[in-house]
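Look at the sequence and the structure first.

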Amino acid sequence: MLSEDQINSYNEKGYLVVDGAIPADKLKELQQVTDDFVSNSRDVKENDEIYDLSPDHSPDNPNLRRLKNPHLIHKTYENITTDSCILDIVEKLVGKNIRRDHTKLNFKSAKGGEAIEWHQDWAFYPHTNDDIVEVGIFLDDCGEENGPLMAVPGSHKGPLDDHHHDGVFIGAVDPAKSNYKLETAEPFLAKAGSISLHHVRSLHGSRKNNSNKSRRVLFVGYTAADSWPLKGILDLGLKPTTSEGDFVKNIYQVYTNNIVRGEPCLQARVENNPIKMPYPPPHSVGSIYENQKEVRGRSFGE
Ligand SMILES: O=C(O)CCC(=O)C(=O)O
């Protein structure tokens with residue numbers, strides 16, 4: 001549960017860390033399943049539907065940047081996304097009707113886990129309103145030395161930074177052109193089992209992890225059910241469709257299947273927010289690590 005102070009702080013700054021939100025047995029299961037995925041990636045040679053590999057990944061040194069859509073590939077991940085230990089908190093921030101939009105598990109491995117450049121999630125997936133929160137479930141302790149996620153206070157209430165370069169969406173902000181004071185960003189430092197929550201318009205990024213310990217975070221994006229995605233619903237986990245009719249039915253099915261609390265809302269709530277559509281797409285696709293290859297003015301050195 002969240003206190004009034006925590007809710008006020010989220011509304012004011014655009015983010016919050018809640019210590020010890022995940023029960024110990026569920027945390028242990030998540031850690032174990034994640035270790036198994038790393039071990040099973042030994043024979044994987046290229047990025048695919050599940051694995052985003054670190055450049056130095058090999059059978060002897062399995063090293064992942066990300067597991068893609070983990071809730072679709074293992075029940076343990078799926079279960080935590082619908083658990084009341086998270087939804088009771090999310091409800092306080094986006095309301096009682098909640099849709100799960102996506103999941104991803106970022107590894108930020110020891111000795112070189114890659115930086116993620118400054119960005120606002122909103123630039124990737126604008127919706128009819130911005131009652132959207134990204135929950136980060138900490139599978140490991142995260143200190144300053146592990147490349148913590150950092151967010152700029154109040155940025156969720158301001159303009160959308162430019163995420164395009166040379167007319168192409170690259171999913172990253174040139175720090176020299178940001179509307180915000182990046183040096184005011186605060187790190188999300190917490191023990192394993194804690195969660196972070198950041199608003200979809202909050203400007204955030206993270207340094208490389210040069211420490212000896214990985215920093216794994218399972219991210220889950222939740223939207224108010226009346227916040228409809230302007231790019232359309234991601235048809236994750238569906239079989240390829242054969243007709244336009246099937247396609248439309250499937251989109252509706254994905255929407256309803258992902259209502260994790262409360263009711264679907266066909267009445268979209270439309271608010272006046274800064275929006276620039278993320279098109280044309282980046283030349284490098286597959287994950288944010290690929291998209292951001294084209295960024296100019298990197299913020300995070302070695
Ligand atoms: O893992 C991180 O530090 C950043 C996560 C993030 O912003 C993303 O994956 O879009």
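Ile-132, Glu-134, Gly-136 and Phe-138 point one way from strand 6, while Val-133, Val-135 and Ile-137 point the other way. All of these residues are buried. The model is a predicted one. In a regular strand, side chains alternate between the two faces of the sheet.

Strand 6 has pairings with strand 13 and with strand 11. Strands of a sheet pair through backbone hydrogen bonds, in a parallel or an antiparallel sense.

| Strands | Sense | Bridges | A bridge pair |
|---|---|---|---|
| Strand 6 and strand 13 (residues 217–224) | antiparallel | 7 bridges | Val-133 and Tyr-222 |
| Strand 6 and strand 11 (residues 195–199) | antiparallel | 5 bridges | Gly-136 and Ser-196 |
| Strand 5 and strand 12 (residues 204–206) | antiparallel | 2 bridges | His-119 and His-204 |

**The core**

The largest nonpolar core holds 52 residues. Which of them touch the most other members? They are Val-90, Val-133, Val-135 and Ile-137. In soluble globular proteins, nonpolar side chains tend to be buried together.

Take Val-133. Leaving out residues up to four places away in sequence, Val-133 touches Val-90, Leu-93, Val-94, Leu-197, His-198, His-199, Val-200 and Tyr-222. Tyr-222 is also the bridge partner of Val-133 in strand 13.

Helix 5 spans residues 84–94. Its buried residues include Ile-86, Ile-89, Val-90, Leu-93 and Val-94. Seen down the helix axis, the buried residues of helix 5 fall within an arc of 120°, so they line one face.

An open sheet is formed by 4 strands in the order 5-12-7-10, with antiparallel pairing. Strand 5 (116–119) and strand 10 (186–187) stand at its edges. Each has a single partner strand, so one side of each lacks a neighbour in the sheet.

Terms used: Residues are numbered from 1 along each chain as its sequence is written. This is a predicted model: local features need pLDDT of at least 70, side-chain atom pairs count only at pLDDT 80 or more; totals for chains, interfaces and linings use all residues. A nonpolar core is a set of buried Ala, Val, Leu, Ile, Met, Phe, Trp, Tyr and Cys residues joined through C-beta atoms within 7 Å. A residue is buried if 20 or more other C-beta atoms lie within 10 Å of its own, exposed if 12 or fewer, and partly exposed in between; C-beta atoms are placed from the backbone. Two residues are in contact if their C-beta atoms, placed from the backbone, lie within 7 Å. Two strands pair if DSSP finds at least two bridges between them. The arc is that of the directions from the helix axis to the C-beta atoms.
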